[in-house]
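Visitor: I would like to learn how to read a protein model. Could you walk me through this one?

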Amino acid sequence: MDKKQFSLVPRIINGSIAGIIGVTCVFPIDLVKTRLQNQQIGKNGERMYRSMKRIPQSWCSNRESSGPSSRLNPRNVKLDCAIKTFRNEGFFGMYRGSGVNLLLITPEKAIKLVGNDFFRHHLVNKQNKLTLPREMLAGSGAGMCQIVVTTPMELLKIQLQDAGRTAGAAVSSGQKVKVSATRIALGLFRERGIVGLYKGTGATMFRDVTFSAIYFPLFAHLNALGKKRKDSDQSVFYVSFLAGCSAGCVSSLVVTPIDVVKTRLQTLTKVTGERQYTGVVDCFTKTWRYEGLRAFFKGGFCRIMVIAPLFGIAQVVYYLGIAEMMLEKLQRTP
């Protein structure tokens, strides 16, 4: 790794732009992921969503006796959660909670991407190279730093994303539920102080540190294999995109069980009858006991669909150096 000057401001701007563009593109899929992960199977096997996978024909035929409205075509229910959310809450319902995410994604992505670059810059050995353990350490450092922003962002985002699911159950039982980021944040602050906004920090740290330790070294090695730009040691944009997507796909799949636990711990409003959890170990234990191994991969396909393009887009924006172009034009402007 070349020990050149570390330019902080352009990297922060690039990280911010990358985060905003990426989140805008994939947020609806992330909402579906959150709702699928939070969904618990009832005593009689009842559930609100049938996940994103194809439902067996036998399940569909068993429901036909309930009337025309319950007849389900396997092709139509492949995206059951997404379809129900769109029908019940509209287009903007698919972006429920995006305001919080877009507001905080700027510092979150800036910390993550810049933090990794910062640690990589300072962890090169005497031969001016990074060994794999040092690459993983740099990624872990970036993941550790980002939880300062990630934890409250995820906590608020999850409540808003899951509001449609919990509100539907509440309405059926005659209750009214109003959810807003401001209401949640103020309520937590009044009850528990600033610590209330950091519920689920342990699970968030476990997920983000593990993810970053895998993602950044893998991305760096995949990116280095591709075609380089003319007169530059940087890879062409499509190589960075594919490397980001591939590394994101692998990393997100590995940490999906941790993400399921984190999502459930950070969900404050439960549907009547859903289990409560006291911590990471308790959530792991109860989920395994009552729902089995498959529960730890709920929303896994959605998570891959979110993380892979999100980091592919982020790496392209980051490595294209949009901030450098903008700053250069501003300097030329009289």
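**Reading the model step by step**

Guide: Let's start with one residue and its surroundings. Apart from neighbours within four places in sequence, K112 is in contact with A142, Q146, F211, S212, F216 and F311. Please keep in mind that this is a predicted model.

Visitor: Where in the chain is K112 placed?

Guide: You will find K112 in helix 4, which covers residues 98–122.

Visitor: Which residues make the nonpolar surface patch?

Guide: F237, Y238, F241, L242 and L320 make this patch of about 470 Å². Helix 9, residues 237–266, gives the largest share, with four residues.

Visitor: Why does Y238 count as partly exposed?

Guide: Buried means under 20% relative accessible area and exposed means over 50%. Y238 has 40% relative accessibility, so it counts as partly exposed. Y238 lies in helix 9.

Visitor: And the chain as a whole: how many helices and strands does it have?

Guide: The protein chain has 12 helices and zero strands. Of its 334 residues, 49% are buried. Looking at contacts between residues at least 6 apart in sequence, 79% join residues at least 24 apart.

Notes:
Residues are numbered from 1 along each chain as its sequence is written. This is a predicted model: local features need pLDDT of at least 70, side-chain atom pairs count only at pLDDT 80 or more; totals for chains, interfaces and linings use all residues. Side-chain values use heavy atoms; hydrogens and water are left out. Patches are made of residues with over 30% relative accessible area and no salt bridge: like charges are joined within 9 Å, nonpolar side chains (Val, Leu, Ile, Met, Phe, Trp, Tyr) within 5 Å. Accessible areas come from the Shrake-Rupley method with a 1.4 Å probe; for residues, only the protein chains shown count as cover. A salt bridge is a side-chain nitrogen of Lys or Arg within 4 Å of a carboxyl oxygen of Asp or Glu. Helices (H or I, at least four residues) and strands (E, at least two) are DSSP runs, numbered from the N terminus. Buried means under 20% relative accessible area, exposed over 50%, partly exposed in between (1.4 Å probe, protein chains only). Contact means heavy atoms within 4.5 Å.
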